[in-house]
Amino acid sequence: MGFVIWRHAPAHPPLRSNPVPETLGRMTNATDLTLGRRVMAMIEELAQYTDEPGRLTRLYLSDAHRRAADATLRLMQQAGLDAHIDALGSVVGRVEGADPKAPALLVGSHIDSVVDAGRYDGNLGVVLGIVAVEALKQHGMKPPCPIEIVAFGDEENVRFPTNLSTSQALAGRFDPAWLDGQDQDGIALRDALIRFGGDPGAAATLARDPARYRGYLEVHIEQGPQLEARNLPVGIVSAINGITRARASVVGEAGHAGTVPMTMRRDALAAVAEMIGIVERAGSTRTDTVATVGVAQVQPGAINVIPARVDFTLDARSPDDAVRLAMVEDIVTECRAAAQRRGVDFTIEPFMESPATPMDKGLIGQLEEATRGLGIEPLHLSSGAGHDAVAMANLCPSAMLFVRCKGGISHNPAESITVEDADVAARVLIDAIRRISV
Ligand code: HGY
Ligand code: MN
Ligand code: MN
């Protein structure tokens, strides 16, 4: 079957009346859910790779991440991509375009997960990229420009104190200090990477030449309730909120829970309980902000011992960087005052600052056209969650398409999407690839 090369597609009316090659029209207007079923099958395949039997936990550079990366490599190769696993553990697949010298289009997301995760967060965007390229190939269509699909490995930053390290590497912003970061077992990222089969010394070589890339598209579950509330299968991301993450510690004094009078205690956990209230109030009393203490580890952790030490985390976000930074400053000031009143020591160390990141207007326009082409009115919405697109926006124009998820639930095994919405997302992505790659 000869290759159909897309003619330069002028600004044009929605897909239905657009003179697209018949094969593409048949593919993106199909309603047999072939694409959606393929997406769900690949999601099932990847969902089996976990570090914790009985729930999905796949931390960066773990054994499960290695197995999932190998499976993703196979899926990419079966789809006709020339694929490899890079020095930091990301899986990268490439299909050449009709003009191999044309700047490539990147499509991707991440395959690492949080603890006890859902199966769509990140994985959906990788699988949709593979399904899109596989479908184009099956219809004998060679995109005008090269397409690269990337499965990043460290988006959640749950295991190591990093900030989108694997996607920042492609953007030329890998911080070598990340290699010395340790997980909670004291394993350094550098050592975990060597054990994974990666190459810490080659991180800098992963930087891409911006001139070689026309854009980055990421499809991701919304992880919020807006699309469901409006009965929309997909939506377009306007901007991604900024994030501050920090590790904090309170040190008091262990003591006998039965004998130390309440007025003579330096109870580290009671102090942190007050600080968690400070964080919650700070996030609740401003517009569009959130602030969370997600981890708190108590020592020594015995029922009859007054807690001596608590190590905890702060995650603070806002669409406005000035608001976020002021909120964090207020939180720290109030926690310091609480620590002073209670006679405990309080330390806090920010380890991640991710700026609020607007998505590219040109790519947003292309996603709008592709969405309208399926008869769906494009909804623009901001992302409270962080994504690899924040890092990729440092390399090239970047944009995101959100997919409805049930109840907006995410970072939870109850995370779910429908095969119909997966199918719509695949068709929007394929049409967006067509529009952007000419
Ligand atoms: O935390 C986040 O926003 C993303 O899921 N890593
Ligand atoms: Mn996530
Ligand atoms: Mn994600």
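**Entry 1: surface and overall form.** I took accessible areas from the Shrake-Rupley method with a 1.4 Å probe. On that basis the protein exposes about 17800 Å². Carbon and sulfur atoms supply 53% of that area. I note here that I am working on a predicted model.

I then looked up the dimensions. The C-alpha trace spans about 85 × 45 × 40 Å along its principal axes. For 438 residues, a compact globule would have a radius of gyration near 22 Å, and the protein has 23 Å, so the two agree. I find 57% of the 438 residues counted as buried.

I listed the secondary structure next: twelve helices and 16 strands. I also looked at contacts between residues at least 6 apart in sequence. Of these, 79% join residues at least 24 apart.

**Entry 2: the record.** Which residues does UniProt place under "binding site"? The unreviewed entry gives Asp-121, Glu-156 and His-411. They span 291 residues in sequence, yet no two of their C-alpha atoms are more than 10.3 Å apart, so they gather at one spot.

**Entry 3: manganese ion, ligand 2.** I looked up the protein donors. They are Asp-121 (OD), Glu-156 (OE) and His-411 (NE2), lying 2.1 to 2.2 Å from the ion. I wrote down their spacing in sequence as D-x34-E-x254-H. Glu-156 sits in the loop between E4 and H5, and His-411 in the loop between E16 and H12, so the pair ties together parts that are 255 residues apart in sequence.

**Entry 4: manganese ion, ligand 3.** Which residues coordinate this ion? I find His-110 (NE2), Asp-121 (OD) and His-220 (NE2), at 2.1 to 2.2 Å. The donor spacing reads H-x10-D-x98-H. His-110 belongs to strand E3 (residues 104-110) and His-220 to strand E5 (residues 213-221), so this pair ties together parts that are 110 residues apart in sequence.

I checked the accessibility of both histidines. His-110 is buried, at 0% relative accessibility. His-220 is buried too, at 1%.

**Entry 5: the two ions together.** How far apart are the manganese ions, ligand 2 and ligand 3? I read 3.4 Å. Asp-121 coordinates both.

**Entry 6: Glu-156.** I went back to this donor of ligand 2. Its loop runs between strand E4 (147-152) and helix H5 (165-170). Buried or exposed, I asked of Glu-156? At 8% relative accessibility, Glu-156 counts as buried, because the cut-off for buried is under 20%.

I left aside neighbours within four places in sequence and listed the contacts of Glu-156. They are His-110, Asp-112, Ser-113, Val-114, Asp-121, Arg-245 and His-411.

**Entry 7: His-411.** His-411 is partly exposed, with a relative accessible area of 41%.

Not counting residues up to four places away in sequence, His-411 touches Val-114, Asp-116, Asp-121, Glu-156 and Gln-223. I also noted a polar contact of 3.0 Å between the side chains of His-411 and Asp-121. Both residues are donors to ligand 2.

How values were computed: Residues numbered from 1 in each chain as written. Chains lettered and ligands numbered in written order. Predicted model: local features only at pLDDT ≥ 70, side-chain atom pairs only at ≥ 80, totals over all residues. Heavy atoms only, no water. UniProt positions renumbered as here; feature names shortened; annotations may be inferred. Helix = DSSP H or I, 4+ residues; strand = E, 2+ residues; numbered from the N terminus. Buried < 20%, exposed > 50% of the residue type's maximum accessible area, 1.4 Å probe, protein only. Contact = heavy atoms within 4.5 Å. Polar contact = N/O pair within 3.5 Å; in protein donor to acceptor, adjacent residues only side chain to side chain. Rg over C-alpha atoms; globule rule 2.2 N^0.38 Å. Donors = N, O, S within 2.8 Å, 3.2 Å for Na, K, Ca; no water.
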